[in-house]
Protein chains: 2
Amino acid sequence: MNYSHQFIPTLREVPADAVIVSHRLMFRAGLVRKLANGLFGYLPLGLRTFRKVEQIVREEMNAIGALEMKPPVIQPAELWKESGRWDAMGESLLRVKNRLDNDFIVTPTAEEAFTAIVRDELSSYRQLPLALYQINTKYRDEIRPRYGVMRGREFTMKDAYSWHANEESLDNTYQAMGRAYRRIFKRCGLSVIPVKADSGAMGGSGSEEFMVESDIGDNTLILCNSQTQGLCEYAANVEKAACKADFSCDGDNAAANTPNYEKIDTPNVRTIEELCAFLKTEPKTFIKTLIYRAVNVELDLSSAPGCGDLKANKPSQGSPGVYAHAFFAVAIRGDLDVNEVKLAAALKASEVTLASDLDVQRLTNAPVGFAGPVGLQTLPLIIDQSVTAMTNAVTGALAKDAHYKHVVYGRDFEAWKIEDIRTVKAGDLCPLCGCELYTKMGNELGHIFKLGYKYTNSMNVSYLDENGKTQIPTMGCYGIGVDRTMASVIEEHHDETGIIWPVSVAPYHVIVIPIKYDGVVKEVADKLINELTASGIEVLLDDRSERPGVKFNDADLIGIPYRVVIGDKGLGLVTAQVEVKNRKEKESCMVDVDKAAKELIQKIQEELKIYNS
Amino acid sequence: MNYSHQFIPTLREVPADAVIVSHRLMFRAGLVRKLANGLFGYLPLGLRTFRKVEQIVREEMNAIGALEMKPPVIQPAELWKESGRWDAMGESLLRVKNRLDNDFIVTPTAEEAFTAIVRDELSSYRQLPLALYQINTKYRDEIRPRYGVMRGREFTMKDAYSWHANEESLDNTYQAMGRAYRRIFKRCGLSVIPVKADSGAMGGSGSEEFMVESDIGDNTLILCNSQTQGLCEYAANVEKAACKADFSCDGDNAAANTPNYEKIDTPNVRTIEELCAFLKTEPKTFIKTLIYRAVNVELDLSSAPGCGDLKANKPSQGSPGVYAHAFFAVAIRGDLDVNEVKLAAALKASEVTLASDLDVQRLTNAPVGFAGPVGLQTLPLIIDQSVTAMTNAVTGALAKDAHYKHVVYGRDFEAWKIEDIRTVKAGDLCPLCGCELYTKMGNELGHIFKLGYKYTNSMNVSYLDENGKTQIPTMGCYGIGVDRTMASVIEEHHDETGIIWPVSVAPYHVIVIPIKYDGVVKEVADKLINELTASGIEVLLDDRSERPGVKFNDADLIGIPYRVVIGDKGLGLVTAQVEVKNRKEKESCMVDVDKAAKELIQKIQEELKIYNS
């Protein structure tokens, strides 16, 4: 392909809102242009790489037997009302009315559409397992789209869905997807961190996120230090991360030696910091007690303290029903923080928030700052497992300006429930191997997830098993963001002069730059290009009448893996030579004209083999 | 690919709304499913053919140097307001508001988006010509979607746009597109009728539609009878079709011999039929005069009869301005019909409709049925060229129950404008060769069109020419409906048992049906499939434990070009044999096992070569 017939509008300037490398380089290299906030168009050069990433995803999906489909992008609201997501998705769901005033959505994911199609065709266990996927346009009405295609409103996602007769079958497909995802990212040249989104310590593996390290990542990752040596694989999203409980080592004896608890005057001392200063001690000797308001609680609260008046809505089969909201006291060691995602999961609540000052006063009979577990009757008490090891603690005394000291868990108070609800931090210990944990910021590129019966239940999907009995299939879902994957490749592979594409996703493998595309130089260039092209190597010929410096800068910016410069000089030598440079390396080398094609073909095929192995 | 791992839900029943063959067969063969009215999902088998059609389109676009891009599907309304189509498109444009209450559209075509991107990057004549395209999701909010994917609301279209420094360059690309379109349809196995959408007789060729013959087509095509012998190429959409004017052969002499016109009493005679009965003559002796109301008229009416009070809006450079609406008298020979598309084009109006009875009475001073050209002062008179040859005509007399006879054009009345505005019918004469014309119903699969300066003007696109002078580029646009092309292949290639795919777009080339996939039969099947696959032949193995009859029916229904049946019987012969059947033929033949793969590969490659030649 001749550069002069291409449409590669490279830029020196970058848009003011391009704050990350991939955003800047995708604009400067002429890969994308912005049509509106969060809406981008891929230009021809960008689309070449985009399609290669798509194709890698497609090949790996096909390799594990997933079947490609193409549902419409505009989908009827009815399906989303069936699944309940019409209400649950909020404003990020782009809704549209057609000329007949019917409701539709622009699809952000497609659990409903795939499930609706499968529902109509599924009759027998013999059709299971079934895995279907699409690579298609999606839309999420992000409040603040930014970082270019990394967080756009319209994007392309590969989303796969699978249906199964049992857990084992689901797990097989889930594991196969996990392996396929690792291959996909490897083939794109990406270092991903597979992160168990739920606690690996609990033995579960119903969800795994594939993260790339990124300063602008919106996920905090908790990683095990011994991982770098390949000894331990623990990696988790901070939202779900667990750690080894660091129990007091003096155990029960210590508690036996603790004096009875007693009330102390603590005038105007409300925060942990004030208390530390007042008592001249450290935060970890306190039990911090917080009052939370939880929404849509699915725990059975019928015998929980202070919950006698609560009524659960819509109790259904096997479920205690849902409480619209309920208050809880949550106790944790003073140096730790409550992880609200973990707390919500423990309470089976859709959301938890700190209670208002008024609610705290009403429920603890004391001003904010003096809540404590001892003598608390008005609320169910949830304690973090860190509290169970505290043998001589300070707590609020449920009265203004008063605390208790010498408080012992089990002796002076009992918990309604003990849970792991602490926020894991760098320095905490790995729940698997006990090594120190550290943190990184990460961006999610992919996610595999065991959905279970959420959609098959709500959308009435069933089949007949071997015995002719009606059964409901279980489901998995598996997504990869194509745009974000492409942008992440640039984040990982660039230098100060531009992109450095891995050969596997490079828009072209080789750029041939004749100093002047004419005469002998032209002959040599054309011959080289013919040989390369015949072997499936994709070549961009820079036939423009620009200065060499301009051509070199553009070649570096658009990141073509190999550059061949053909000048009069090299050709005048006894052995005619061309200059070959790997974009990854600083130095070029001179190669005999006769050998250049063969050498390039070999190098590129070897590199491709490594990516695809 | 094993059939048992596929998702091919074939059906005996068809949905009640499936009235055309392709709709019925696409459902029955498990190619598509309906998610809502006009919204379809392609199932895996259907998507395989869909992607092949897409790929043929892509290859032919790339072959003529068009560059693929991918703008977003959701586009900002601002661009559509710039071009004027936000208002002009009406309710077929699907509009959507995001969470910030900003207006967007789901794109039906993308002149605006492509032009906006090119506008920002185009600076020099050296960048021209430039042709860009996408193959992407589109949406048109059809009032009555029907015929399956043939007229859906969401669909996939290849749309290309080109920009040029001059007419000649535009014409080069336009001609190349025309040739590419012919190749695309040929490669898909389709017989298309390229139809000049404007009059070929006028020498212009700024628009060409690619039609397939179809009983449910929404276009009437006018074709020249000598076309079947390759003598004349005239083919036109009836909306634009011209014909040879059939002038009266007695010419001026006849007019000179006509007596002066005189009023006759015609009590309650209002229609041509009543008049024929009353005067015992034929319709072609009458001049029919109709009153039309035209909207957004861009003709200069400043000196037209009866238009003195009209005011043109927004007169701009080189334009007489636009009249919101105006009335016209339109006269045509009594046996002919006015073609309102041609009339609107002649009046440069966006729409023409017959005036209301009240308007007719007000403007002609007579009840409906008595309008006529003689003495008409209140309206501009447009006459069809057929009227200019009438030398002794009957017309309405602009008074109740009265007509004139012996009316002669030029002697008794003059026209404000003479135009070709008749509807061409079967039996009229070809404007090119004079042979008889005939009609067919057709469906439009593609359209190429010289847009000119409409978008580059309204959206302020410019570049600097060789002399550094600012110029506005001219534009072309070129569309193909992918879904409709695929459905049309089925319309052309099927029989009573199912689809008969051309090998070029077949989801698989060969279906191998072992009578029982086990033992020797399995060995023979696997070996055959390996040999075929190694040569790039795509094979579906029907490994299901169904009765042979079920397998044969499904194979016929889904239309795989070659069927190989492997049974115990054939293998027991001295020379082991398999049964090979071409889907197009009634009879199968027995082929030696050893030769089957080679023979099939040869046949399929030959067929592919013919499609692609």
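**Loops, chains and contacts**

Modeller: Let us begin with a loop: A:Asn460 sits between helix H11 (454–458) and strand E22 (463–464) of chain A. Please bear in mind throughout that this is a predicted model.

Colleague: What is the phi of A:Asn460 near?

Modeller: Most residues other than glycine have a negative phi. A:Asn460 is a residue other than glycine, yet its phi is positive, with a value near 55°.

Colleague: Which loop of chain A holds A:Asp401, and what is its phi?

Modeller: A:Asp401 belongs to the loop between strand E18 (393–396) and strand E19 (402–407) of chain A. With 16 C-beta neighbours inside 10 Å, A:Asp401 counts as partly exposed. A:Asp401 is not a glycine, but its phi is positive, at about 60°.

Colleague: Which residues of helix H10 of chain A are buried, and why do they line one face of the helix?

Modeller: The helix H10 covers residues 357–364 of chain A, and its buried residues are A:Val360, A:Leu363 and A:Thr364. Because the buried residues of H10(A) fall within an arc of 85° when seen down the axis, they line one face of the helix. Their cover includes strand E14 (287–297) and strand E15 (323–333) of chain A. To repeat the names asked for, the buried residues are A:Val360, A:Leu363 and A:Thr364.

Colleague: Which residue follows H10(A), and what is its phi near?

Modeller: Most residues other than glycine have a negative phi. The residue that follows H10(A) has a positive phi, near 55°, and this residue is A:Asn365.

Colleague: Where is A:Pro129, and what is the omega of the peptide bond from A:Leu128 to A:Pro129 near?

Modeller: A:Pro129 is in the loop between helix H5 (111–121) and strand E7 (130–139) of chain A. In general, most peptide bonds are trans. The bond from A:Leu128 to A:Pro129 is cis, with omega near -5°.

Colleague: What is the omega of the peptide bond from B:Leu128 to B:Pro129 near?

Modeller: In chain B, the loop between H5 and E7 holds B:Pro129. The peptide bond from B:Leu128 to B:Pro129 is cis, and its omega is near -5°.

Colleague: What relation superposes chain B on chain A?

Modeller: Two copies of a chain are related by a rotation about an axis and a shift along it. Here a rotation of 180° with 0.2 Å of shift along the axis superposes chain B on chain A, with an RMSD of 0.4 Å. That is therefore the relation of a two-fold axis.

Colleague: Which C-alpha of chain B is nearest the axis?

Modeller: The C-alpha in question lies 2.8 Å from the axis, and it is that of B:Val96.

Colleague: How far apart are the centres of domain 1 and domain 2 of chain A?

Modeller: Chain A is divided into domain 1 (31–242 + 439–489), domain 2 (251–419) and domain 3 (502–612). Taken over C-alpha atoms, the centres of domain 1 of chain A and domain 2 of chain A are separated by 38 Å.

Colleague: Which residues touch the most other members of the largest nonpolar core?

Modeller: The largest nonpolar core has 264 residues. Leaving out residues up to four places away in sequence, B:Val512 touches residues including B:Ala525, B:Leu528 and B:Ile566. The residues that touch the most other members of the core are A:Val510, A:Val512, B:Val510 and B:Val512.

Conventions: Residues numbered from 1 in each chain as written. Chains lettered and ligands numbered in written order. Predicted model: local features only at pLDDT ≥ 70, side-chain atom pairs only at ≥ 80, totals over all residues. Domains from an automatic or database assignment. Buried ≥ 20, exposed ≤ 12 C-beta atoms within 10 Å, placed from the backbone. Helix = DSSP H or I, 4+ residues; strand = E, 2+ residues; numbered from the N terminus. Arc of directions from axis to C-beta. Contact = placed C-beta atoms within 7 Å. Least-squares fit on C-alpha atoms with pLDDT ≥ 70 in both. Core = buried A, V, L, I, M, F, W, Y, C linked by C-beta atoms within 7 Å.
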